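Subject: Structure handover

Hi,

Here is the structure I promised to pass on.

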Amino acid sequence: MSGHGRPDLPVVIVGGLHADARRAAVARLLADVPGSVVLHHDLATAAAGTVVRTVRDATGVLSAGEAPLVNDCACCALREDLVPELERLARAGGTPLAVVELWDSVEPKAMAEVVTAGGFTVTGVITAVDPALVLPYLGNGDDLAEGGLAAAATDQRTVADTFARQLEYAPVLALADSPEADDEDRELLAQLHPTARRVPIGHGDPAGSSPLARAARAGFDVEAAAAAQHPACALLPAEADAHGVATLVWHSRRPFHPERLYAALEDLTCAAARSRGRFWLADKADTLLHWDAAGGALCVESAGPWLASLPDAAWEMVPPVRRAAAALDWHPEHGDRCQHLVFTSPGLDRDGLERLLESCLLTDAEYAAGRAAWERLPSAFDTLLEV
């Protein structure tokens, strides 16, 4: 029994914009774990004011219903409806695994946190992927709304950035059998998320011991997953170069000149299919900035202060994983302030990219002028950061 006085119900979350691959992964779990049940909220009808919920097992639909929109937000309706449905399943008993199949553009991070906060154990988070579609989706800068994939009227996300977050959050990638995929496609996937377990959806095992069924119940740590995405302590990809795909990991202990970096943003954003990390602007010495680019579009935002800018007393309030990451990277003068950007792409021009990045740093003379002079540099990023 759980602390809620009801039988435990293991929950696995399966998501991804590659709908065919996602459905195949869910079907595989239903076949491999007898008695398992799938909950799915279809947000395609959200424009009409409702979200359609279905609950099904391997034999077909067990129940269907509608959840009203909350605050004109389909994802909010999903949040409000999901935990009560899981509680109903748990009370009924006899379900060895609840599979939450997310609708296309719903991101697994928010749902894993909702399910955990509801008192359930998330035993796995899986993003289903067709390897042949990784580059086309990463390169797709269209708004989700253009493809009917927006989760709310106010949804500003693009296909590329949504797909990137779905891919990078999940510790398990369920791979569709894709005859069109080549070595470059598979290598791109491996470099984008090198720590992920890549499990073929493949063929079933009714005894429930297929690789996918095992991965669905292998365990999942919501806090560790969130930390792995935070720009201050993110588990970013490592240097790699194989099958025409390369990853450049670029570090520097010198701040960027705000105007020169701003002028280079378009070239830097378009230099790779995916880039992310943290960076340091000379005129904003206290602010850790997050770099997140996919599909030719860049999102830059403040991720709070560098630890070096905080008073000692504030360190106790910082998560241990963040303190550990800073300690690994500590500089006697600048503390944890640094540039740590990672670029992954087929056909990456590593040398050209490094030269461009280096050209955006403070020159020796600018650096020698000191922090008081840096802070007087023009604030080229204020409009991007909405200061």
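Before the rest, a word on the basis. This is a predicted model, in which local features need pLDDT of at least 70 and side-chain atom pairs count only at pLDDT 80 or more, while totals for chains, interfaces and linings use all residues. Residues are numbered from 1 along each chain as its sequence is written, and side-chain values use heavy atoms, with hydrogens and water left out.

The sheet

Helices (H or I, at least four residues) and strands (E, at least two) are DSSP runs, numbered from the N terminus. Eight strands make an open sheet with mixed pairing, in the order S4-S3-S2-S5-S1-S6-S7-S8. At its edges stand strand S4 (60-68) and strand S8 (197-200); each has a single partner strand, so one side of each is left without a neighbour in the sheet. On average, neighbouring strands of this sheet are turned by 25° against each other, direction ignored. Those angles come from axes that are lines fitted to C-alpha atoms (for helices over the stretch in contact), and angles run from 0 to 180 degrees between N-to-C directions. Two strands pair if DSSP finds at least two bridges between them.

Strand S1 (residues 11-15) is mostly covered, with 5 of its 5 residues buried. Val11, Ile13 and Gly15 lie on one side and Val12 and Val14 on the other, and all are buried. S1 pairs in the parallel sense with strand S6 (residues 122-129) over 5 bridges, where valine 12 has glycine 124 as its bridge partner. S1 also pairs in the parallel sense with S5, over 4 bridges, and here isoleucine 13 stands opposite valine 100.

Strand S2 (residues 37-42) and strand S3 (residues 50-57) run antiparallel, joined by 5 bridges. Valine 38 has arginine 56 in S3 as its bridge partner, which brings us back to the opening residue.

Salt bridges

Side chains of opposite charge can pair when their charged atoms come close. Counting a salt bridge as a side-chain nitrogen of Lys or Arg within 4 Å of a carboxyl oxygen of Asp or Glu, the whole structure holds 26. In one of them, arginine 56 meets glutamate 101 (3.5 Å, N to O). This pair links distant parts of the chain, with glutamate 101 in strand S5 (residues 98-101) and arginine 56 in strand S3, 45 residues apart. Glutamate 101 is buried, at a relative accessible area of 4%.

Two others sit within helices:

- Lysine 109 and glutamate 113 meet at 3.0 Å, N to O. Both lie in helix H3 (residues 108-117), 4 residues apart, about one turn of the helix.
- Arginine 186 and aspartate 183 have their closest N and O atoms 3.5 Å apart. They are 3 residues apart in helix H6 (residues 183-192), about one helical turn.

There is also a network of salt bridges linking Glu107, Asp155, Arg157, Asp161, Arg165, Glu168, Arg274, Arg276 and Asp292. Of these, aspartate 161 is in helix H5 (residues 159-169) and counts as buried at 19% relative accessibility.

Aromatic rings

The structure holds 11 aromatic pairs. Rings of Phe, Tyr and Trp (its six-membered ring) pair if their centres lie within 6.5 Å; planes under 30 degrees apart count as stacked, over 60 as edge-to-face and the rest as tilted. Phenylalanine 279 and tryptophan 291 form an edge-to-face pair, 5.8 Å centre to centre with 85° between the planes. Phenylalanine 279 lies in strand S11 (residues 274-279) and tryptophan 291 in strand S12 (residues 287-294), so the pair ties together parts that are 12 residues apart in sequence. Phenylalanine 279 is buried at 0% relative accessible area, and tryptophan 291 is buried at 0% too. Both belong to one aromatic cluster, together with Trp250, Phe256, Tyr262, Phe343 and Phe381.

Happy to talk any of this through.

Best wishes

Technical notes. Buried < 20%, exposed > 50% of the residue type's maximum accessible area, 1.4 Å probe, protein only.
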